[in-house]
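Grab your viewer and let's work through a few exercises together. Try each one yourself before reading the solution.

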There are 2 protein chains.
Amino acid sequence: MQQEDDVLLTSERMAGSVNTNPVVIRRLLGQLKKAGLVEVRPASGGTFLTRQPAAISLLDVYRAVEVVEEGQLFSVHDKPLPACLVGRNIQAALDTTLRRAQTAMEQVLAGVTLQQVTTEILTQENLKD
Amino acid sequence: MQQEDDVLLTSERMAGSVNTNPVVIRRLLGQLKKAGLVEVRPASGGTFLTRQPAAISLLDVYRAVEVVEEGQLFSVHDKPLPACLVGRNIQAALDTTLRRAQTAMEQVLAGVTLQQVTTEILTQENLKD
DNA sequence: TACGACTGTAACCGCAATAGTTACACTAAG
DNA sequence: CTTAGTGTAACTATTGCGGTTACAGTCGTA
């Protein structure tokens with residue numbers, strides 16, 4: 001994996017590449033690191049994947065940057081009137097459905113790897129013009 | 001459908017029931033109306049479903065209040081560097097996958113009706129204590 | 001061992017989205 | 001025509017987040 005011979009991949013370079021600030025990149029990198037997807041060299045820079053791109057799914061990334069808490073893609077009104085029949089039970093009534101919906105979405109992400117995405121990008125490029 | 005004999009369902013009542021402001025309710029009702037899900041009596045109040053609860057899916061509601069544009073549950077970085085291979089193509093490369101993920105989620109919502117939800121709520125209530 | 005390059009993170013600003021609120025014109029049932 | 005309720009504009013407050021600055025921590029390297 002480690003591309004030492006390649007050019008050094010610092011947060012600064014990445015930030016420049018997507019028109020943003022290095023700190024934003026480092027924050028994201030921190031999440032990816034916490035999730036064990038990347039390894040970061042503190043001193044003389046450089047970030048590397050800890051696994052083969054074919055072994056990392058979009059769900060891994062999605063979870064890592066926690067677009068949404070493990071819990072709930074959908075969040076439900078959290079201050080219902082206890083006196084209300086609906087307020088008391090709607091959360092539970094909706095819960096399994098919403099959870100299933102979220103899972104269905106995540107399973108699609110789980111089925112696509114970084115490898116596939118990069119391959120796709122290159123394919124796109126060849127089809128240009 | 002019309003429950004004339006029942007108590008009048010004004011935005012004020014609904015707001016009180018969920019601890020919010022009548023205007024917030026009216027805004028939501030406006031979206032549901034635009035989607036053709038409800039009918040609202042302008043003068044002496046009252047809101048009614050235009051279809052049987054069994055004929056309204058959670059997806060209908062979800063779409064009506066447009067939690068997310070028809071287009072994209074996921075939005076991708078929109079100002080890529082044209083000079084960058086990845087920037088140029090990642091959107092297209094990810095597009096079909098993300099669309100499939102969103103559709104998978106929506107299909108689950110499409111499979112559940114308001115009827116089922118209300119039934120579920122009542123069931124929950126009976127299981128209490 | 002000291003230097004320099006880079007990461008990790010706190011702190012702050014600014015912007016956008018949205019709930020909440022007030023106000024008021026519009027509508028229709030009685 | 002009166003009155004209760006809707007439709008909507010306008011404003012405020014709050015929240016979340018990208019962007020930015022600043023600086024301490026880390027570690028290859030001379």
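**Exercise 1.** Does Asn19(A) count as buried, partly exposed or exposed, and why?

**Solution.** Keep in mind that this is a predicted model. Start with the number: Asn19(A) has 42% relative accessibility. Buried would need under 20% and exposed over 50%, so Asn19(A) counts as partly exposed. Next, locate it: Asn19(A) sits in the loop between α1 (11-17) and α2 (22-34) of chain A. Last, check the backbone: Asn19(A) isn't a glycine, yet its phi is positive, about 55°.

**Exercise 2.** Now do chain B: where is Asn19(B)?

**Solution.** Look in the loop between α1 (11-17) and α2 (22-34) of chain B. Asn19(B) comes in at 44% relative accessibility, so it's partly exposed. Its phi is positive too, about 55°, although Asn19(B) is not a glycine.

**Exercise 3.** How many aromatic pairs are there over all chains? Work out the geometry of each.

**Solution.** The count is 2. Take Tyr62(A) and Phe74(B): their ring centres are 6.3 Å apart and the planes meet at 70°, so call this pair edge-to-face. Tyr62(A) belongs to helix α3 (residues 58-64) of chain A, while Phe74(B) is in the loop between α3 (58-64) and α4 (85-110) of chain B, so the pair joins two chains. Tyr62(A) is buried at 8% relative accessible area, and Phe74(B) is buried at 14%.

Then take Phe74(A) and Tyr62(B): with centres 6.3 Å apart and planes at 70°, the pair is edge-to-face. Phe74(A) is in the loop between α3 and α4 (85-110) of chain A and Tyr62(B) in helix α3 of chain B, so this pair joins two chains. Both Phe74(A) and Tyr62(B) are buried.

Terms used:
Residues numbered from 1 in each chain as written. Chains lettered and ligands numbered in written order. Predicted model: local features only at pLDDT ≥ 70, side-chain atom pairs only at ≥ 80, totals over all residues. Heavy atoms only, no water. Helix = DSSP H or I, 4+ residues; strand = E, 2+ residues; numbered from the N terminus. Buried < 20%, exposed > 50% of the residue type's maximum accessible area, 1.4 Å probe, protein only. Phe/Tyr/Trp six-rings, centres within 6.5 Å; stacked < 30°, edge-to-face > 60°.
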